[in-house]
Amino acid sequence: MTTPKYKLVAKEAVEMRQKYWGEIKDPIYGYVYVTDLEKEIIDSFPVQRMRRLRQLAGAEYVYPAANHTRFEHSVGVMYLAGKLVQNSNLSQYLSEDEAQMVRIAALLHDVGHGAFSHIFEQLLNKFLNKTHEDMTQWIVEKSELKDIIEKLGFSSKAIGKLAIGELHKPGKAFMDQIIQSSVDVDKLDFIVRDTYHTGAEYGYVDIFRLIHTLDLIDENLAVDIGAISALESFIIARVESFKSIYFHRVGRAVQIMLALAMEKANEELELTSFKTPEEYLTLDDYTVWTMLKKCEASRRIIEDLEHRKLLKCAYEKTFYEKNGLIARIFDVEDIRSQIRAEIAKQAKVKPEEIIIDVPTVPSVPYHHSVLLEPMEIPVFYKTRDGKKVQRKLSEVSRIFDILKGFLNILRVYTHQKNRRNVEEAAAKVLGETPFSARISF
């Protein structure tokens, strides 16, 4: 992009930051108030495009109401970021410009997602060695957003880095952590928004209790022990949502099919051949679905999705601890290919008829943000004289101590016609699967 044709004078920019344009009605938070400055960014094409990116592509086959988009999620994250920077524990360390930067970065944190959100990550990763975070920074710094942001008096480069939690401003690590950490505004929003739209609500999470009690240890975010119950509810909800929403066996079947369709069609449709942000931004759920339906290489898969003829889960097993073999199954593609070949041989089907699915593979939705191996979350308590004493969460929360162990799920998918044979073969190769895991709709 070229240098902005004009830049608002300081007085005009300040007025746009302070003047409220109006509000957006949100089903979770009520009214989200938006400034003139934020409205100009919201009205940009990169942000409006997020209306055409579903938050949980594939989940609607399990939860019919799960058709919310990245747009309302991003507005929600901006709202929570605004609440957090108003927290008196943090606000004293932020200038007005820095607080506004956090809100803008929160709004733009998902602007780099591809079609069907995380599912497109497989193509980015496999063919370009990129992630949606890379695309976010690229779009903020090189698309029309650059002109808008710099016209309003901010650095597009700084906003782009902050949007992915990599600004690294000296003495203010917490600015990045607001956007990306164990308890960030992104996770706080999607845990309540995704459970709301799916209806799969696993207990009430008081996210505002967490927001109001977050504080700083040195320059890092930490949770006051007084909010331990809210934090435990948040952790439990994330684990349960991972199992029942983000990695639901039927939702994953749809996501795998979409990923396969895009990979098969990539050469013909040139889905990863974009050279500019504008070319990339033309790809959304609507345009890519239409392209896939017209492409001979992917048409059959899309037709199966339209008729709900889905891949079937023939085997499932959950692992709660790591060992060498399991680590290799989850982390090494060659090992998975060998296992797939052995299952195919015993089931007397072609290897390409079998898919081994694990959540650490880049194509898995939310694999960058789902709580699989929970990190230690800094917590603290205050002494009578106001001194903050840091503790490990596992020391004060028995629930966290139990949940902090390893959790991963291994599944084997195939077509309906092969299901029985593959189920028997997978059980021989990988061990018996529990009865509860054999149910798939």
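First, the ground rules. This is a predicted model, with local features taken at pLDDT of at least 70, side-chain atom pairs at pLDDT 80 or more, and totals for chains, interfaces and linings from all residues. Residues are numbered from 1 along each chain as its sequence is written, and side-chain values use heavy atoms, with hydrogens and water left out.

Start with the open sheet. Three strands, order β5-β9-β6, antiparallel pairing. Strands here are DSSP E runs of at least two residues, helices are H or I runs of at least four, and both are numbered from the N terminus. Two strands pair if DSSP finds at least two bridges between them. The edges are β5 (312-319) and β6 (355-357), each pairing on one side only. From one strand to the next, the twist averages 15 degrees. Seven bridges link β5 with β9, residues 408-414. One partner pair there is T318 with I409 of β9.

Now the helix on that sheet. α15 lies across β5, β6 and β9, at about 65 degrees to β9. Axes are lines fitted to C-alpha atoms, for helices over the stretch in contact (heavy atoms within 4.5 Å). Angles run from 0 to 180 degrees between N-to-C directions.

Next, the largest pocket. Which helix gives the most to its lining? α15, with seven residues. α7, α18, α20 and β6 are also among the elements that each supply at least two. The space is about 1200 Å³. A pocket is an open set of points on a 1 Å grid, for a 1.4 Å probe, with protein on both sides within 12 Å along at least five of seven lines; lining residues have an atom within 4 Å of a point. There are 34 lining residues, and I256, L260, R340, I354 and I355 are the closest to the centre. By class, 14 are nonpolar, six polar and 14 charged.

On to α7, residues 121-128. E121, Q122, L123 and L124 are buried there, meaning under 20% relative accessible area with a 1.4 Å probe, protein chains only. Their cover includes α8, α15 and α16. N129 follows α7, with a positive phi near 55 degrees.

Last, the hairpin. β3 (214-217) and β4 (220-224) are antiparallel over four bridges. D215 stands opposite A222. Two residues sit between the strands, and D218 has a positive phi near 60 degrees. β4 also runs parallel to β7 (379-382), joined by two bridges. V223 has V379 as its bridge partner in β7.

Conventions: Buried means under 20% relative accessible area, exposed over 50%, partly exposed in between (1.4 Å probe, protein chains only). Grid points are joined across faces, edges and corners, and a volume is the space filled by probe spheres set on the points. Ala, Val, Leu, Ile, Met, Phe, Trp, Tyr, Cys and Pro count as nonpolar, Asp, Glu, Lys and Arg as charged, and the others, Gly among them, as polar.
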